[in-house]
Amino acid sequence: MAQKNGDHAEARERLDALRKEIAHHDHRYHVLERPEISDAAYDALFRELTDLERRFPDLVTPDSPTQRVGATPSALFVPVQHSERLLSLDNVFDDDELTAWYDRAARGLGRSPPLVCEPKIDGVSVAIVYERGRFVRGATRGDGTVGEDVTANLRTVRGLPMRLHVEGREDTLPEWLEVRGEIYLPIADFERLNAELGDAGRQLFANPRNAAAGSLRQKDPAITAARPLRIFFHGLVHAVGLTFRTHHEMLAHLRTLGLRVHPRSEPQPDLASARAYVARLLADRHALEHEIDGAVIKIDPLDAHTELGTTSKAPRWAVAYKFPAEEQTTRLNDIMVSVGRTGALTPFAMLEPVRVGGVTLQMATLHNPDEIARKGILIGDMVVVRRAGDVIPEVVAPVPSLRTGSERPFVMPDRCPVCGGPIERPEGEAVTRCTSLDCPAQSLERIVHFASRGAMDIEHLGYSTAQALLDKKLVADVGDLFSLTAAQIGTLPGYKARSTQNLLKAIEAARSRPIERLLIGFGIRHVGGTAARKLADAFHAIPALARASAADIAKVEGIGPVIAEAVRAHFDRPGTLEVIEKLRQGGVRLEEDRTRAAGPLTGKTFVITGTLTSMSREAAMKRIDALGGKVTSSVSGRTSYLVVGADPSSKLDKAQKLKLPLLDEAAFLAMLGDADGAPAADAGSAEAAGEVGEGVRPEPETAGA
Ligand SMILES: [Zn+2]
């Protein structure tokens with residue numbers, strides 16, 4: 001089809017604009033290290049340019065970004081000419097594109113080659129030279145031809161050997177070895193670094209890669225040294241005197257020289273297994289200590305690399321399989337404040353909708369006002385947002401260079417944004433709370449929490465139903481749920497006969513939940529599943545717990561004063577006792593028989609350490625339990641006996657310090673036997689029983705077992 005002149009002129013204009021824009025972002029990214037747009041947005045621009053140039057080949061210019069590999073080096077470091085150009089990789093974004101790449105390579109070779117796969121670390125590429133086994137030089141990639149000499153800073157990188165490992169003789173070392181690797185900052189260290197920068201009021205890094213690049217290009221190597229950079233090697237440029245058949249064989253050799261090779265570098269026999277590798281890596285993405293933005297797939301036999309060669313920009317024998325971006329840049333339109341069931345006011349970001357991590361994001365958490373100040377976020381800022389795996393989407397950092405002057409700071413409201421009630425921020429706490437007792441936001445959150453699966457598990461009672469119940473004033477609190485009638489529920493929007501019966505059935509089922517679930521449902525601060533179980537075990541009745549003093553509650557093992565105070569404060573809140581009364585009248589279980597029949601060991605608490613020869617630890621615990629005793633995992637002043645098996649742990653030292661009675665295995669068996677009123681063990685029970693007096697050793701000095 002003939003091209004119309006109009007198309008051509010339009011394409012020329014668009015190409016010009018794209019090239020200018022890409023050049024601008026290249027400069028921001030490579031030279032200033034302050035990118036304004038996400039990698040994905042950059043990739044999209046680059047793709048558009050490539051596609052357009054493919055359609056209009058006569059419009060390709062020598063200075064087009066597609067004709068270059070990267071960016072110009074800055075003047076800060078001495079330029080280094082790479083012995084061989086560091087190419088970038090072509091990208092594929094799905095299995096079909098990967099297959100197309102592989103088929104093209106296979107056609108070129110006339111055979112279907114095996115592959116080798118590795119994680120694509122989101123870091124900084126470097127070329128490293130060893131002469132006779134000594135590290136002599138390291139350079140960044142730069143524009144691919146000329147990089148920057150960062151030798152001094154690389155010396156501070158953990159895992160970068162200054163001397164190669166030699167097994168046996170020195171002369172086995174290659175005369176000259178140039179390898180390529182990726183410098184990265186582990187995610188945990190990145191987060192620590194950003195927290196420190198934020199505390200110091202300095203600009204944060206948008207992601208670990210920028211942090212790694214910024215750290216590597218420090219004028220002062222001492223600063224680089226303070227940042228725990230790491231390296232993985234993934235390629236060989238030259239090794240004088242060494243030859244390899246395959247890429248993975250070469251990687252294995254690098255490993256023997258003491259160079260870190262990624263443990264997830266794996267040869268794959270064919271395309272299908274490479275695709276499976278990519279799927280596995282994507283699933284494990286967040287289990288790695290560093291960020292990855294995809295997988296690199298290379299053709300394994302090295303002779304195939306020579307055969308296939310490279311394009312002007314990238315090798316034909318390797319490709320980057322890019323994963324969906326987890327970070328994007330977008331505008332922070334506003335900061336709103338939500339109110340939780342405990343009255344906590346939480347600021348959150350209203351974003352210009354943006355695709356990230358596979359979903360469209362419109363909101364992201366900002367945690368609390370301190371966090372906003374620490375990150376230096378202003379309303380109206382362009383911000384980097386992140387959504388990774390199951391983690392709640394968050395605003396990572398602002399992009400201050402894009403400010404227009406119209407941005408404004410966030411101010412925490414001085415009244416509850418939902419009920420207009422008073423708010424307070426207790427000293428030493430990061431969270432501000434609405435203290436109003438009838439704040440509808442809190443009522444809603446409390447009902448939804450009460451009905452949630454981990455608490456009373458009332459199916460069909462989610463946000464919309466809870467909101468409707470509150471709106472119609474059918475309930476004011478969770479106590480009212482149990483007096484709801486079919487006629488009342490039937491007035492809710494969308495409720496018909498069937499759905500009404502379903503909700504009533506779900507409420508009925510909740511009446512007999514264990515009281516620990518009720519305790520969870522109350523949403524008392526600091527009281528999760530474990531504390532609720534301990535409280536239920538100790539009090540086995542809500543009214544008894546409601547009457548207990550904080551001091552009494554704190555006596556329960558595993559319940560500290562903070563939890564005890566929170567429990568007391570909950571029951572002291574006006575209205576709480578009325579709620580409990582409503583629950584009682586509504587037929588909700590408030591007490592249960594959690595006591596066991598008293599046994600000979602009732603009131604005794606045991607801790608077991610070391611290995612018992614006559615029974616497993618589990619069996620021992622069951623025996624103690626059956627006799628009414630209690631087994632706990634840690635030694636304290638409340639421990640009655642420490643049972644000491646072979647190879648005891650430090651629990652023994654602690655028990656000795658506390659001068660607790662110790663039982664060796666024989667004495668323990670004897671005690672069980674006495675308590676059982678039957679022989680404790682098959683063999684030697686009489687003997688064991690005879691040792692009770694000796695085996696029970698209240699004096700630590702005599703404990704030898
Ligand atoms: Zn409120």
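1. Arginine 573 lies in the loop that links helix H20 (561-572) to helix H21 (576-585); helices (H or I, at least four residues) and strands (E, at least two) are DSSP runs numbered from the N terminus. The model is predicted, so local features need pLDDT of at least 70 and side-chain atom pairs count only at pLDDT 80 or more, while totals for chains, interfaces and linings use all residues. Residues are numbered from 1 along each chain as its sequence is written, and side-chain values use heavy atoms, with hydrogens and water left out.

2. Arginine 573 is partly exposed, at 31% relative accessibility. Here buried means under 20% relative accessible area, exposed means over 50%, and partly exposed is in between (1.4 Å probe, protein chains only). Not counting residues up to four places away in sequence, arginine 573 touches Leu437, Gln442 and Arg446, where contact means heavy atoms within 4.5 Å. Between arginine 573 and leucine 590 there are 17 residues in sequence and 19 Å in space, C-alpha to C-alpha.

3. Which residues does UniProt list for "binding site"? The unreviewed entry gives Cys416, Cys419 and Cys439. These residues span 24 residues in sequence, yet no two of their C-alpha atoms are more than 8.5 Å apart, so they gather at one spot. UniProt positions follow the numbering used here, feature names are shortened, and annotations may be inferred rather than shown by experiment.

4. In the model, the zinc ion is coordinated by the SG atoms of Cys416, Cys419, Cys434 and Cys439, at 2.2 to 2.4 Å. Donors are N, O and S atoms within 2.8 Å of the metal (3.2 Å for Na, K and Ca); water is not among the atoms, so sites may look incomplete. The 4 donor atoms subtend angles of 100 to 118 degrees, which makes the arrangement tetrahedral; for four donors, that term requires all angles to lie between 85 and 135 degrees. The spacing of the donor residues in sequence is C-x2-C-x14-C-x4-C.

5. Cysteine 416 is in the loop between strand S16 (394-398) and strand S17 (423-424), and cysteine 419 is in the loop between S16 and S17 as well. Cysteine 416 is buried at 3% relative accessibility, whereas cysteine 419 is partly exposed at 28%. Cysteine 439 is buried, at 0%.

6. Leaving aside neighbours within four places in sequence, the contacts of cysteine 416 are Val339, Gly421, Ile423, Cys434 and Cys439. On that basis, cysteine 419 is in contact with Cys434, Ser436, Cys439 and Pro440. A search of the whole structure finds 0 disulfides, a disulfide being a pair of cysteine sulfur atoms within 2.5 Å.

7. Is strand S7 (residues 176-184) largely enclosed or open? Of its 9 residues, 8 are buried, so S7 is largely enclosed by the rest of the structure. Strand S4 (residues 124-131) runs antiparallel to S7 and is joined to it by 8 bridges; two strands pair if DSSP finds at least two bridges between them. In this pairing, tyrosine 130 stands opposite leucine 177 in S7. S7 is also joined by 8 bridges to strand S8 (residues 230-239), again antiparallel, and glutamate 178 stands opposite histidine 238 in S8.

Conventions:
Four donors count as tetrahedral if all angles lie between 85 and 135 degrees; four count as square planar and six as octahedral if opposite donors are over 155 degrees apart and all others between 65 and 115; anything else is irregular.
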